[in-house]
Amino acid sequence: MKRNGIRRSLLLALLCAAPVLAQQTTPDIQPAWEQLSTAERDLLTAPIRERWNSNPGERARMLEHARRWQAMTPEQRMRAHHGMKRWSHMDPEKRAEARALFGKMRDMSPEQRKALREQWQAMTPEQRKAWIEANPPQPRH
Amino acid sequence: MNINDRDFDATLRSHHAQALASMSARTQAQLQLRRRAATTPARHTSIRAFAWPLAAACAAGVLVIGLQWRKPDTPEPASASSIAASSGTVDATAKPAEDEFEAYTALDETPDLYLWLASSDANTLAME
């Protein structure tokens, strides 16, 4: 009887401890931003700080872009994140094309965009290059 | 025991034998099992001996399930730049190498350009 009691106690303890053990065996979870020390926050924001300090002429633009990120819905932010990944794989020539096409298309009606898409797909690389030169990307703002 | 009693006893035994003969094999097997279980109390001990390892195995199963449940919720250790970039800008679950890039480029271009690059327009134009 006594042994059975011990067994039951051990089993109960194991069952109760399961969630705790599970939590203890997971990797460290970093605390929320509010719980970080000033030194940790400084460390984490270092890339942005460096960017900000080394480009005085771009600060207004960076701030504007940060505001735009903030204004986006979570779904838009997620899609923009995918777009940013695509951007990371593009060479400078493709980026110039993207800037020009985006700048042109953003003010177009759906019909005009469709027409430009079809026109673009029918173009040769030389024609596309000529189109980019004729429609340079708008200055970044 | 007089003759009437003897006849009565013989008649009952005969009825019993007929009843047994007409019983299905399944019922007979069940009765045998129950009789054996009732007459061998040691079996209870052996069943109980299996019960505890079984319970312990179940407990271990609960522990494993608990571990599995915890794993999907666990974010990858975040790099410095990923957290910096995620402070209102990008996804914090991205890989460190990409985070490094994102931390520097998230504010370079208008986020609307990145949004457009994920659109069907950009897909059609094969922007890669």
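Me: How many helices and how many strands does chain A have?

Reply: Helices (H or I, at least four residues) and strands (E, at least two) are DSSP runs, numbered from the N terminus. Chain A has eight helices and zero strands, and its pattern along the sequence is α-α-α-α-α-α-α-α. Chain B has seven helices and zero strands, with its elements running α-α-α-α-α-α-α from the N terminus on. As to conventions, residues are numbered from 1 along each chain as its sequence is written, while chains are lettered from A and ligands numbered from 1 in the order in which they are written. This is a predicted model, in which local features need pLDDT of at least 70 and side-chain atom pairs count only at pLDDT 80 or more, whereas totals for chains, interfaces and linings use all residues.

Me: What is the mean pLDDT of chain A, and what is that of chain B?

Reply: pLDDT is the predictor's confidence in each residue, from 0 to 100. Chain A has a mean of 83, with 79% of its residues at 70 or more. For chain B the mean is 65, and 38% of its residues reach 70 or more. For the complex, the predictor gives an ipTM of 0.72 and a pTM of 0.51.

Me: Where is the largest nonpolar core, and which residues have the most contacts inside it?

Reply: In soluble globular proteins, nonpolar side chains tend to be buried together. A nonpolar core is a set of buried Ala, Val, Leu, Ile, Met, Phe, Trp, Tyr and Cys residues joined through C-beta atoms within 7 Å. The largest one here has 17 residues, and B:Tyr114, B:Trp116, B:Leu117 and B:Ala118 have the most contacts inside it. Two or more residues come from each of helix 5 (74–88) and helix 6 (92–105) of chain A and helix 6 of chain B. Helix 6 of chain B gives the most, with five residues. Beyond its neighbours within four places in sequence, B:Tyr114 is in contact with A:Ala80, A:Gly83, A:Met84, A:Trp87 and B:Glu109.

Me: Which residues of helix 5 of chain A are buried, and which are exposed on the other side?

Reply: The buried residues of helix 5 of chain A are A:Ala80, A:His81, A:Gly83, A:Met84 and A:Trp87. They lie on the same side of the helix because they cover an arc of only 165° around the axis, the arc being that of the directions from the helix axis to the C-beta atoms. On the other side, A:Pro74 and A:Glu75 are exposed.

Me: Why does A:Arg79 count as partly exposed?

Reply: A:Arg79 lies in helix 5 of chain A and counts as partly exposed because it has 19 C-beta neighbours inside 10 Å. Leaving aside neighbours within four places in sequence, A:Arg79 is in contact with B:Leu115 and B:Ala118.

Me: How many of the 13 residues of helix 7 of chain A are buried?

Reply: The count is zero, and helix 7 of chain A is hardly covered.

Methods:
A residue is buried if 20 or more other C-beta atoms lie within 10 Å of its own, exposed if 12 or fewer, and partly exposed in between; C-beta atoms are placed from the backbone. Two residues are in contact if their C-beta atoms, placed from the backbone, lie within 7 Å.
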